[in-house]
Amino acid sequence: MTPAQALQKYYGYSEFRHKQEEIIRQVLNGGDAMVLMPTGGGKSLCYQLPAVLLDGLTIVISPLIALMKDQVDALNVTGIPAAYLNSTQSSGEQQAIISRLKNNEIKLLYLAPERLFKTGNRLTEFLQSLKVSLIAIDEAHCISHWGHDFRPEYLMLAGLKDAFPAIPVIALTATADQLTRKDILEKLALHNPAQFVSSFNRANITYTVTPKKNSLNQLLAFLDQHKDDSGIIYCLSRQSTEDLAAQLKKEGFLAEAYHAGLSNDIKARNQEAFLRDEVRIIVATIAFGMGINKSNVRWVVHMDLPKNIEGYYQETGRAGRDGLPSDALLFYSPGDAFKLQNFARIEGNEDQSRIMLRKLDDMVKFCQLTTCRRKYLLNYFNESFPDTCGSCDVCLSDYQKFDGTLIAQKALSAVARLKESFGSGYVIDILRGSNNSKLRPEHKQLKTYGIGADLSKADWQRYLRELITLGYLKVSDGAYPVLMLTNKSEAVLKGQQTVELTLSQTTEEEHHEALPH
Ligand code: ADP
Ligand code: ZN
């Protein structure tokens, strides 16, 4: 059977999506692979279909015991024999599965990582005695501290290639920036992995960020336009999910709360009611959503600032899996940014805090954009995109543009004279001729020192950001980001290229929202 025939036979689909076919070929040829595909893109098929086509067993590592049953049930319904082993089963049930495995009656076995590598358990040895043809690692970003959903038990998977040296591994995730991707590859010790990155653009989602003022009224106005639609509201704290759900109920909405502090019964009940459309609105912490496959979520609202772009993008990605137009609305307040900054400073070790702060800063920048939000999001995931999308609040609004060539030239020449070795804060200090004692004396002699004193710090921050978005500047990778020139910079410096910038609409609010670096 060819992959295309199996796709038709088991799933009833006539065409592959994204890079599914290439991925499946790589795996069938025995190679390792890393797959990045947006939520709802069709990752499962990338290992399920090879599992059917290959002789022997495919092991699937998945973080959520609660979801294994659903996935396994769905496979069995399509005629693919699958099972899971986890702590919720009696030893009798587990024994029955072990015998079926011995008889080669199972094609896919779902396991949590700790189950595979628990010390003193004989499961690993038993599995080594079977013909295992593929190992799939779902939600692979959980292995990385830099991902937004680190799970310590995933670190055990670092031993995978030692335990199963000759078996191809496919790692899959819907969310991983460059740093996280690198970390996944290193920790899993994949051999020469082929990387498959699908476009992350969710063209049917409209992104909007609104200053948070009286968020309950703002929310009610939004809900007014989405009366019969299903949606998810994310809040930072458990308490606020409960408070907001209660308020919405009072307003007559079918709303329930969801957070990790609720009992399993209540969580399951609320989640199922949402899936069955008996509850329209789930008010949740980020604990809600991983693996939830509800296709007709029409909107996602963030009442509070998310901690990073990865989380935000994954949460908003739960809207519109059916491809129909959907909304993502975020209420932004600088106060939230400060609160999260303080959390980031005390959580984890110094390295982690620094990275968390940087990610938070990227999230804040997203909220302050005067350029296309979709472009920013996709650029964040290393994907290029045209300057405008036509379907985010910035593209839909009419920000005034002006000829910013001179501003761009000042900024780029400051970066050049600082030898592309300093961050934006330092560059701005030079441009504005600041007396900051941290500035090196020789830099105060530069021709560019003080040439941008006519603009405020906040304006410079905004313009530098816009120049980055437009590709005239870039930020280095690594823990200490510095501003650097790009291949588009020279034409601007030589006056061969004009630059359009967005007229600043500096408000009082924005003056004290700039994050210190
Ligand atoms: P992910 O794990 O990437 O979030 P899933 O594997 O759950 O996504 O797939 C999302 C949905 O898309 C599922 O309903 C799946 O059956 C469907 N799907 C996957 N591949 C295809 C395809 N080639 N054609 C049509 N539908 C597909
Ligand atoms: Zn846009």
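**Figure 1. Confidence across the predicted model.** The mean pLDDT (the predictor's confidence in each residue, from 0 to 100) of the protein is 90. A value of 70 or more is reached by 96% of its residues. The model scores ipTM 0.97 and pTM 0.65. This is a predicted model: local features need pLDDT of at least 70, side-chain atom pairs count only at pLDDT 80 or more, and totals for chains, interfaces and linings use all residues. Residues are numbered from 1 along each chain as its sequence is written, while chains are lettered from A and ligands numbered from 1 in the order in which they are written.

**Figure 2. The stretch 506–517.** Here pLDDT stays under 50. Where pLDDT is low, the predicted coordinates should not be read in detail.

**Figure 3. Strands 2 and 5.** Strand 2 (residues 57–61) pairs with strand 5 (residues 132–137) in the parallel sense, over five bridges. I59 stands opposite I135 in strand 5.

**Figure 4. Helix 3.** This helix (H or I, at least four residues, by DSSP) spans residues 44–53. Eight of its ten residues are buried (20 or more other C-beta atoms within 10 Å of their own, C-beta atoms being placed from the backbone). Among them are L45, C46, Y47 and Q48.

Key:
A residue is buried if 20 or more other C-beta atoms lie within 10 Å of its own, exposed if 12 or fewer, and partly exposed in between; C-beta atoms are placed from the backbone. Helices (H or I, at least four residues) and strands (E, at least two) are DSSP runs, numbered from the N terminus. Two residues are in contact if their C-beta atoms, placed from the backbone, lie within 7 Å. Two strands pair if DSSP finds at least two bridges between them.
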